[in-house]
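The following account leads through a protein model, beginning with a local detail and ending with the overall architecture.

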Amino acid sequence: IKALFALAAAILMGVAYYWPGAQAGWLGRTALDLGRGFLGFGAYALPPLMLFIAFEYMFGGNLRRANLRTAFVSGILLALFAFVHLLLVDQEILKARFINDAGNFSAFKAIGQLWTTGVNPSLLSDGFFWTGGLIPGLIGQAFLALAGPIGSLIITGTLVLAFSVLVFNV
């Protein structure tokens, strides 16, 4: 059952994300907006991820291993999206959008702005595409606050490598 739902989601998202003007309807448009809000540019990796999940559950054999592999591949993608978000987004422009009316940084404003710039990245600059959206943006911003610009890139890069080791048993 999980495999069929994942396959159906992969097909629906593939049509909605990759086929402009497709008749995916309300559900397809909602899936695209939700995906871009949560993952920014990374939403375009959701259809292949869902296809991977479907095949993993169909042909993986061991349900526990399929669950772990799915979680680790998702972890790789989230860490990679956070890394790209940190690397390519102008953090000064983004931080300026986190300031509330009183002139203070606001976590609620940050969450809203990460979502908004994930759905519409051109709000940061014209023609810009590579925002992380809400989840990778929160991961990246948290590491940026804790470890600074270079440390956050090192941490997210290490996460990508760690999840890769877990997936491939290297």
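**Salt bridges and overall fold**

Arg29 and Asp33 lie four residues apart in helix H2 (residues 25-39), which means that about one helical turn separates them. In this predicted model, their side chains meet in a salt bridge, with an N to O distance of 3.1 Å. Arg29 has a relative accessible area of 45% and is therefore partly exposed; Asp33, at 25%, also counts as partly exposed.

The structure holds two salt bridges. Besides the pair in helix H2, the side chains of Glu56 and Arg69 meet at 3.2 Å, N to O. This pair links distant parts of the chain, 13 residues apart: Glu56 belongs to helix H3 (residues 46-59) and Arg69 to helix H4 (residues 63-88). Glu56 is buried, with a relative accessible area of 9%, whereas Arg69 is partly exposed at 28%. Across the protein there are 9 positive and 6 negative side chains, and the centres of these two sets are 14 Å apart.

These helices belong to a fold with seven helices and zero strands. Of the contacts with a separation of 6 or more, 65% join residues 24 or more positions apart.

The C-alpha atoms fill a box of roughly 55 × 45 × 25 Å along the principal axes. Buried residues make up 41% of the 170. The accessible surface comes to about 9600 Å², and carbon and sulfur atoms account for 71% of that area.

Conventions. Residues numbered from 1 in each chain as written. Predicted model: local features only at pLDDT ≥ 70, side-chain atom pairs only at ≥ 80, totals over all residues. Heavy atoms only, no water. Helix = DSSP H or I, 4+ residues; strand = E, 2+ residues; numbered from the N terminus. Buried < 20%, exposed > 50% of the residue type's maximum accessible area, 1.4 Å probe, protein only. Contact = heavy atoms within 4.5 Å. Areas by Shrake-Rupley, 256 points an atom, 1.4 Å probe, with all protein chains shown as cover. Lys, Arg positive; Asp, Glu negative; His and termini not counted. Charge placed at Lys NZ, Arg CZ, Asp CG, Glu CD. Salt bridge = Lys/Arg side-chain N within 4 Å of Asp/Glu carboxyl O.
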